[in-house]
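Thanks, everyone, for making the time.

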Amino acid sequence: MNKQSQDMRYLTFALGKGRLASQALELLEQIGITCEEMKDKDSRKLIFVNEDLKLRFFLAKGPDVPTYVEYGAADIGVVGSDTILEENRRVYEVLDLGFGKCRMCVCGPVSAKKLLQHHEMIRVATKYPKIAKDYFYNQKHQTVDIIKLNGSVELGPIVGLSDVIVDIVETGSTLKENGLEVLEEICPLSARMIVNQVSMKMEAERIREILQALKSTKQR
Ligand code: PRP
């Protein structure tokens with residue numbers, strides 16, 4: 001990336017905290033976008049600046065990334081496609097970054113398989129009520145009771161809160177260690193880049209340059 005002029009406005013990136021953030025930073029580094037101060041794990045700082053490139057970066061909770069991007073508080077976001085589907089914000093989804101690959105699945109004990117096959121009225125625990133609702137109501141035409149949880153969703157069927165869960169499966173080890181299985185697959189997921197709709201026009205050239213660089217990195 002080339003050094004930018006002094007009077008240029010900052011282009012702001014919102015990165016989803018956690019698993020995706022470090023991979024997102026690695027990918028940006030490959031195209032010459034670096035932010036050294038962000039690598040300091042002990043720092044409590046929330047926003048980081050690269051003065052040469054006129055870029056700013058901040059880490060946010062995954063589900064908040066599309067919100068920052070829709071309102072223009074960030075021009076660009078990096079977040080999982082699960083969050084994009086669940087939040088349904090007005091943003092442009094511009095690139096599949098090719099990492100963070102996993103699947104959205106209906107999971108549970110093997111005994112729950114017949115409840116799904118017979119379209120029984122079942123309870124579904126999930127962090128993703130919109131995705132679950134869309135899958136059961138619009139795709140499967142099965143009426144279910146959706147219970148929103150905020151994490152450790154696998155507990156649902158174990159403690160008798162729900163019959164099944166709708167959740168992300170990456171390696172499958174969380175399911176295995178808790179005696180659960182993938183019963184149905186909803187969709188594949190991966191990390192995506194999203195862009196604010198106004199920024200896409202106003203900062204078209206800079207954003208296009210970043211996208212081109214990322215695309216050619218993927219092809220290498
Ligand atoms: C996610 C997901 C599963 C687990 C899947 O949870 O909700 O629990 O990872 O990964 P695996 O297939 O590789 O075992 P996360 O770690 O994000 O925490 P959470 O339970 O708080 O949602």
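Of the area that domain 1 buries against domain 2, 65% is supplied by D82, L85 and E86, which is more than any other three residues give.

Before I go further, please keep in mind that this is a predicted model, in which local features need pLDDT of at least 70 and side-chain atom pairs count only at pLDDT 80 or more, while totals for chains, interfaces and linings use all residues. Residues are numbered from 1 along each chain as its sequence is written, and side-chain values use heavy atoms, with hydrogens and water left out.

As for the division itself, the protein chain is split into domain 1 (11–100 + 190–219) and domain 2 (102–188), with bounds that come from an automatic or database domain assignment. The contact, meaning heavy atoms within 4.5 Å, takes 7 residues from domain 1 and 10 residues from domain 2. The C-alpha centres of the two domains lie 30 Å apart.

What polar pairing is there across this interface? The rule finds 6 residue pairs in polar contact between domain 1 and domain 2, with both residues at pLDDT 80 or more; a polar contact is a pair of N or O atoms within 3.5 Å, where within protein one must be able to donate a hydrogen and the other to accept it, and residues adjacent in sequence count only if both atoms are side-chain atoms. On the side of domain 1 that touches domain 2, helix α3 (residues 81–87) gives the most, with 4 residues, helices being DSSP runs of H or I of at least four residues and strands being runs of E of at least two, numbered from the N terminus. Between the two domains the count is 1 salt bridge, that is, a side-chain nitrogen of Lys or Arg within 4 Å of a carboxyl oxygen of Asp or Glu.

**A network of charged side chains**

By this rule the count comes to 11 salt bridges, and R9, D75, E203 and R206 are linked in a network of them. E203 forms a salt bridge with R9, with the closest N and O atoms 3.1 Å apart. That pair links distant parts of the chain, since E203 sits in the loop between α8 (197–202) and α9 (204–219) and R9 in the segment before β1 (11–16), 194 residues apart. E203 also forms a salt bridge with R206, and here the closest N and O atoms are 3.6 Å apart.

Which members of this network are buried, and which is partly exposed? With buried meaning under 20% relative accessible area, exposed over 50% and partly exposed in between (1.4 Å probe, protein chains only), E203 is buried at 12%, R206 is buried at 8%, and R9 is partly exposed at 41%. D75 is buried as well, with a relative accessible area of 2%.

D75 lies in the loop between α2 (65–70) and β4 (76–80), and a polar contact of 3.0 Å joins the side chains of D75 and R9. Leaving aside neighbours within four places in sequence, the residues in contact with D75 include Y10, L11, V69, I194 and S199.

Terms used
Buried area = accessible area lost by both parts, 1.4 Å probe.
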